[in-house]
Amino acid sequence: MDKIAVISDIHGNIPALESVLNDIKNKGIKRIFCLGDLAGKGPSSDIAIDMIRENCEVVVKGNWDYFISEQNDREMLLYHRNKIGEDRINYLKSLPIYKEFYLSGKLVRICHASPFDVMFRVYKTAEDDMAIKLFQGTKENSDEADIIGYGDIHDAYLKNFRGKTIFNVGSVGNPLDITEASYAVIEGEYENIEKSSYSISLVRVPYDIEKSVEQARKSNMPDLEYYIKELRTGEYRGK
């Protein structure tokens with residue numbers, strides 16, 4: 001059986017990312033996929049991008065990765081663009097928006113928000129008619145997916161419906177459900193079209209939130225107090 005760790009939404013939070021990578025290593029998992037939002041919100045987008053490039057076999061693009069690499073009309077975006085530099089900006093631009101593979105006979109698609117658009121947001125509370133749209137075929141493959149894994153909403157969950165499975169890995173660096181880093185582990189026969197057993201589990205990892213707060217304060221980053229409140233409370237600033 002193959003094990004794959006699926007992480008997402010790092011948002012420049014290095015203490016959280018280090019804790020998750022250590023947990024993955026302690027579990028003996030060698031293959032890591034990242035579902036985007038490496039950069040933005042937190043103070044260390046540059047370091048996060050470098051760590052993800054070094055440790056992850058697959059990386060897809062998130063909405064913040066798109067904003068930072070393609071736009072420069074806001075103070076926060078300019079802050080991160082200036083910090084990460086041209087090479088990392090080009091790396092973010094080059095990322096695909098989804099990856100698909102077979103796992104124990106199931107067609108799995110992983111993405112940040114959807115396989116079609118990094119801005120298409122499906123919340124945990126979405127009606128089934130909204131969530132089922134994520135399973136539709138793509139331009140490259142008209143087959144419907146059996147399993148969808150995504151990030152974006154910073155709220156981890158797993159749901160089976162209409163004969164399909166959807167899971168959200170939550171957020172490593174900016175969780176907005178509980179104040180612990182989150183990721184998923186999927187286990188099965190990787191790239192095998194023959195049906196066999198498989199599993200999906202959600203993992204929570206405590207990390208040093210106050211160390212992340214200290215790093216943010218030292219960075220003099222924009223939107224500092226909003227970011228600190230999210231880390232400490234798990235409550236989205238837009239509520």
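Which residue in β2 is the bridge partner of I4? In β2, that partner is R31.

The model is a predicted one, in which local features need pLDDT of at least 70 and side-chain atom pairs count only at pLDDT 80 or more, while totals for chains, interfaces and linings use all residues. Residues are numbered from 1 along each chain as its sequence is written, and side-chain values use heavy atoms, with hydrogens and water left out.

**Sheet containing β1**

Strands here are DSSP runs of E with at least two residues, and helices are runs of H or I with at least four residues, numbered from the N terminus. Two strands count as paired if DSSP finds at least two bridges between them. Five strands make up an open sheet in the order β3-β2-β1-β9-β10, and its pairing is mixed. β3 (58-59) and β10 (199-205) are the edges, each with a single partner strand, so one side of each has no neighbour in the sheet.

Strand β1 (residues 2-7) pairs with strand β2 (residues 31-34) in the parallel sense over four bridges. The path from β1 to β2 passes through helix α1 (residues 14-26), and this β-α-β crossover is right-handed; that is, with the strands pointing away from the viewer, the path from the first strand over the helix to the second runs clockwise. β1 also pairs with strand β9 (residues 181-188), in the antiparallel sense and over five bridges. I4 has a bridge partner in β9 too, namely I186.

**Sheet containing β4 and β5**

Another open sheet has five strands in the order β4-β5-β6-β8-β7, again with mixed pairing. Its edge strands, β4 (98-103) and β7 (157-161), each pair on one side only. From one strand to the next, the twist averages 15°, with axes taken as lines fitted to C-alpha atoms and angles running from 0 to 180 degrees between N-to-C directions.

β4 and strand β5 (residues 106-111) run antiparallel and are joined by six bridges. Two residues lie between these strands in their hairpin, where S104 takes a positive phi near 50°.

| Residue | Bridge partner | Strand of partner |
|---|---|---|
| I4 | R31 | β2 |
| I7 | C34 | β2 |
| I4 | I186 | β9 |
| Y98 | C111 | β5 |
| Y102 | L107 | β5 |

**Salt bridges**

A salt bridge is a side-chain nitrogen of Lys or Arg within 4 Å of a carboxyl oxygen of Asp or Glu. The whole structure holds 17 salt bridges. One of them links K124 and D155, whose closest N and O atoms are 3.8 Å apart. K124 lies in the loop between β5 and α5 (128-131), and D155 in the loop between β6 (147-150) and β7, so the pair ties together parts 31 residues apart in sequence.

**Pocket and cavity**

On a 1 Å grid over the protein atoms alone, a cavity is a set of points where a 1.4 Å probe fits but cannot get out; a pocket is an open set with protein on both sides within 12 Å along at least five of seven lines, and lining residues have an atom within 4 Å of a point. Grid points are joined across faces, edges and corners, and a volume is the space filled by probe spheres set on the points.

The largest pocket has a volume of about 480 Å³. It is lined by 21 residues, of which K41, R121, D152, L176 and Y236 are the closest to its centre. Helix α3 (residues 63-70) gives the largest share of this lining, three residues. By class, the pocket lining has seven nonpolar, four polar and 10 charged residues, where Ala, Val, Leu, Ile, Met, Phe, Trp, Tyr, Cys and Pro count as nonpolar, Asp, Glu, Lys and Arg as charged, and the others, Gly among them, as polar.

The count of cavities of 30 Å³ or more is one. The largest cavity holds about 30 Å³ of space, and its lining consists of Y123, K124, A126, A131, Y157, K159 and I166. Five of the lining residues of the largest cavity are nonpolar, none polar and two charged.
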